[in-house]
Amino acid sequence: MTAALAVDGLSVVYDGYYALDAVGVEVNKGESFGLVGESGSGKSTLLRAVAGLAPVTDGTIRVDGELLKGARRSKAFYRQVQMVFQDPYGSLHPRQTIDRLLLEPLAIHGIGDTETRIARALDEVGLGTGFRFRYPHQLSGGQRQRVAIARALIVEPSILLLDEPTSALDASVQAEVLNLLEQVRKDRNLTFVMVSHDLGVITHMCVRLAVMRNGAVVERLTAKELAAGDVKEDYTRNLMVASKGFVRA
Ligand SMILES: Nc1ncnc2c1ncn2[C@@H]1O[C@H](COP(=O)(O)OP(=O)(O)OP(=O)(O)O)[C@@H](O)[C@H]1O
Ligand SMILES: [Mg+2]
């Protein structure tokens, strides 16, 4: 089976500094793949490089077998691959209503039937059409992140790149948004690549994961192995201790 996402030997270098150093990752269709690692280990850089937001120095990125060339991404790419960021406040334009925010990606991709699609998208993320004409500041953090997810889903992508999608939220709201993500992944057979510093979130959401350090993958694990503490690297063990409530130190 062709991997939904195949990254091989990928390097991103800033002024001689290897933010990513020959990283290889393969994610199957419909799979939820986790990325963990200490701050600065290159997790966001990897997602950003895939999205064309970080300069690739070396290596290849394939989506559905198709080689991406350079940093330019086609419109078709952004229909296929959408990114959701940690801070829904930063990623939603403050002066646009939810309606406008959801209309924009439809307009960019020339997708019609906007009324129905916006209503459906709001329903799908559990908000309902009552939220249509509100502004982001009139929403809670969890509701804003639901809008960000609706905005990503409205163009019907097959891959979501999720960079700490719930770490700005309270624990109970975080669980709701994670459940929503899991539900839409199943419903739409989506592929996820999810970054989190919370290993509990990763074991809950993902089947396989890669552990990153200094721009490189140091260990690949199944979520089961991680949950059982069946890890090879001391570095991974230290991450487990540092992740609150994951293991007793
Ligand atoms: N545009 C940039 N210019 C220079 N250096 C950068 C740039 N973006 C990232 N870096 C560096 O690359 C390294 C990896 O950063 P990255 O944001 O990928 O880490 P991360 O694993 O996502 O960390 P965190 O968990 O804190 O989000 C860091 O040392 C960072 O300072
Ligand atoms: Mg990051």
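In this predicted model, Leu106 is placed in helix α4, which spans residues 98-108; helices (H or I, at least four residues) and strands (E, at least two) are taken as DSSP runs and numbered from the N terminus. Leu106 is buried, its relative accessible area being 0%, where buried denotes under 20% relative accessible area, exposed over 50%, and partly exposed the range in between, with a 1.4 Å probe and protein chains only. When residues up to four places away in sequence are not counted, Leu106 touches Ile111, Thr114, Arg117, Ile118 and Ile154, a contact being defined by heavy atoms within 4.5 Å. The buried residues of α4 are Ile98, Asp99, Leu101, Leu102, Pro105 and Leu106, and what covers them includes α5 (114-124) and α6. After α4 comes Gly110, which has a positive phi near 60°. Between Leu106 and Leu209, which are 103 residues apart in sequence, the C-alpha to C-alpha distance is 32 Å.

Residues are numbered from 1 along each chain as its sequence is written, while chains are lettered from A and ligands numbered from 1 in the order in which they are written. Because the model is predicted, local features need pLDDT of at least 70 and side-chain atom pairs count only at pLDDT 80 or more, whereas totals for chains, interfaces and linings use all residues, and side-chain values use heavy atoms, with hydrogens and water left out.

Helix α6, which covers residues 141-153, contains Arg144. Arg144 is buried, with a relative accessible area of 15%, and the side chain of Arg144 reaches the backbone oxygen of Pro136 at 3.3 Å. Such a polar contact is a pair of N or O atoms within 3.5 Å; within protein, one atom must be able to donate a hydrogen and the other to accept it, and residues adjacent in sequence count only if both atoms are side-chain atoms. Asn179, by contrast, belongs to helix α7 (residues 171-188) and is partly exposed, with a relative accessible area of 43%. The C-alpha atom of Asn179 is separated by 15 Å from that of Ala148, the two residues being 31 residues apart along the chain.

The shell around ligand 1 consists of Tyr14, Tyr17, Ala19, Glu38, Ser39, Gly40, Ser41, Gly42, Lys43, Ser44 and Thr45, a residue being near a molecule or strand if one of its heavy atoms lies within 4 Å of it. By class, this shell divides into 3 nonpolar, 6 polar and 2 charged residues, where Ala, Val, Leu, Ile, Met, Phe, Trp, Tyr, Cys and Pro count as nonpolar, Asp, Glu, Lys and Arg as charged, and the others, Gly among them, as polar. An oxygen atom of ligand 1 lies 2.5 Å from a polar side-chain atom of Ser39, and a polar backbone atom of Gly40 is 2.8 Å from an oxygen atom of the ligand. For Lys43, a polar side-chain atom is found 2.8 Å from an oxygen atom of ligand 1. On its own, ligand 1 has 630 Å² of accessible area, of which the protein covers 58%; accessible areas come from the Shrake-Rupley method with a 1.4 Å probe, and for residues only the protein chains shown count as cover. Two or more residues of the shell are given by each of β2 (17-27) and α1 (43-51), and α1 gives the most, with 3 residues.

Strand β2 also belongs to an open sheet of 4 strands, in the order β2-β1-β4-β5 and with antiparallel pairing; two strands are said to pair if DSSP finds at least two bridges between them. Since β2 and β5 (66-67) stand at the edges with a single partner strand each, one side of each is left without a neighbour in the sheet. Strand β1 (residues 5-14) is joined to β2 by 7 antiparallel bridges, with Tyr14 opposite Tyr17 in β2. These two strands, β1 and β2, form a hairpin with 2 residues between them, and Asp15 in the turn has a positive phi of about 50°. Strand β4 (residues 58-63) and β5 run antiparallel and are joined by 2 bridges, and Val63 has Glu66 in β5 as its bridge partner.

A further set of pairings involves β9. Strand β3 (residues 32-37) pairs with strand β9 (residues 208-213) in the parallel sense over 5 bridges, and Val36 stands opposite Val211 in β9. Strand β9 is joined by 6 bridges to strand β10 (residues 216-222), the two running antiparallel, and Met212 has Val217 in β10 as its bridge partner. The hairpin formed by β9 and β10 has 2 residues between the strands, and Asn214 in the turn has a positive phi of about 50°.
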